[in-house]
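Here is a short report on one protein model.

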Amino acid sequence: MSTSSSAAAYQSQAVGTATGPQLLIMLYDRLAVDLSRAEIAIESANFEGTNEALQHAQRIVRMLRTSLDPDGFVGGHDLFALYVFLEEHLVRANMEKDIAKVRECANLVQPLHEAWRRAINESERDDVAPYVG
């Protein structure tokens, strides 16, 4: 088995066995990667790479938006509106190959990424029963 097929199998297994919260973090992790790749691609005038990274980022944001229940928690409607804004901004960034718009998106995503990561880590710690020896 080649290294790339081993990596793909590992990734598929990781996604297939991940819990909902873990999948959310994986999506945010990849969104951050896509935005970083888009920045690098724009800086090097690699417009095919820019398009690929930004379209993938758009698909992630769309997935986050469509899976969100805005009535499920306080602030849900604000998060939904932010996802709508991000998706539209990513489309414009791609059409214009505008690094400033990509950076704006990254600056909006980064604190959400960290907040979800902290919330999920705290939740997972709370779910673990203390060891009584």
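## Surface

The protein exposes about 8,500 Å², and carbon and sulfur atoms supply 56% of it. Accessible areas come from the Shrake-Rupley method with a 1.4 Å probe, and for residues only the protein chains shown count as cover.

This is a predicted model: local features need pLDDT of at least 70, side-chain atom pairs count only at pLDDT 80 or more, and totals for chains, interfaces and linings use all residues. Residues are numbered from 1 along each chain as its sequence is written, and side-chain values use heavy atoms, leaving out hydrogens and water.

## Fold

The protein has 5 helices and 0 strands. Helices (H or I, at least four residues) and strands (E, at least two) are DSSP runs, numbered from the N terminus. Of the 133 residues, 29% count as buried, meaning under 20% relative accessible area (1.4 Å probe, protein chains only).

## Core

A nonpolar core is a set of buried Ala, Val, Leu, Ile, Met, Phe, Trp, Tyr and Cys residues joined through side-chain atoms within 4.5 Å. The largest one holds 25 residues, and Leu31, Leu35 and Tyr83 touch the most other members. Helix 2 brings the largest share of this core, 7 residues.

Tyr83 touches residues including Tyr28, Val61 and Trp116. Such a contact means heavy atoms within 4.5 Å.

Conventions
Buried means under 20% relative accessible area, exposed over 50%, partly exposed in between (1.4 Å probe, protein chains only). Lists of a residue's contacts leave out its neighbours within four places in sequence.
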